[in-house]
Amino acid sequence: MTTHAQSLENTHPKGQMTLFFMQMLSMMGFSIVFSLLVLYCTNYLHIKDESAYAVTAAFIALVFVTSMPAGWIVERYLGFKKGTFLSIILGIIGLSIMAIPVKAAMLLGLGIFIC
């Protein structure tokens, strides 16, 4: 016979699976963009190697730097549900714009993805 305390140990918090899949998909999106950005810049957009590396370095730096102010804004003004939904929408829009093989579209898509 199980007690109430034992049954609570075997359950996961509400929303844990959703959070797991969202984190997994966002990390996959970031990893794919990060790993292919230099190749996309050099092979499809014909950007010099040095500039392609600079764009990739700026992308990585901005992704991590913007997480602090974005978290503060979401926590203070939007709430977690709206912030999560907004981040998913911005990620989809950013990746979709990046699919246009133009340098300006790539930079705009990266900016939206970072937001």
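Which residues does Tyr40 touch, not counting residues up to four places away in sequence? The close-ups below start there. This is a predicted model, where local features need pLDDT of at least 70, side-chain atom pairs count only at pLDDT 80 or more, and totals for chains, interfaces and linings use all residues. Residues are numbered from 1 along each chain as its sequence is written, and side-chain values use heavy atoms, with hydrogens and water left out.

**View 1. Tyr40 and its contacts.** Tyr40 sits in helix H2; helices here are DSSP runs of H or I with at least four residues, numbered from the N terminus. Setting aside residues up to four places away in sequence, Tyr40 touches Leu45, Met98, Ala99, Ile100, Pro101 and Met106 (contact means heavy atoms within 4.5 Å). With a relative accessible area of 17%, Tyr40 is buried (buried is under 20% relative accessible area, exposed over 50%, partly exposed in between, using a 1.4 Å probe and protein chains only). Tyr40 and Ile97 are 57 residues apart in sequence, and their C-alpha atoms are 14 Å apart in space.

**View 2. H2 crossing H6.** Two packed helices are described by the angle between their axes and the distance between the axes. For H2 and H6, the axes come within 13 Å and cross at roughly 160 degrees (axes are lines fitted to C-alpha atoms over the stretch in contact, with angles from 0 to 180 degrees between N-to-C directions). H2 and H6 are therefore roughly antiparallel to each other, a label for angles over 145 degrees. On the H2 side, the contact is made by Gly29, Phe30, Val33, Leu37, Tyr40 and Cys41; H6 brings Met106, Leu110 and Phe113.

**View 3. The two sides of H5.** Helix H5 (residues 80-98) has 19 residues and reaches 27 Å from first C-alpha to last, close to the 27 Å expected at 1.5 Å a residue (the expected span is 1.5 Å times one less than the number of residues). Its buried residues are Gly83, Gly91, Gly94, Ile97 and Met98. They cover an arc of only 135 degrees around the axis, which puts them on the same side of H5 (the arc is that of the directions from the helix axis to the C-beta atoms). They pack against helices H2 (16-44), H4 (67-78) and H6 (103-114). Turned away from that buried side is a face with the exposed residues Lys81, Lys82 and Phe85.

**View 4. Thr56 in H3.** Thr56 lies in helix H3 (residues 49-65) and counts as buried at 7% relative accessibility. Beyond its neighbours within four places in sequence, Thr56 is in contact with Phe34, Leu37 and Val38.

Note on methods: Parallel < 35°, antiparallel > 145°, perpendicular 65-115°, else oblique.
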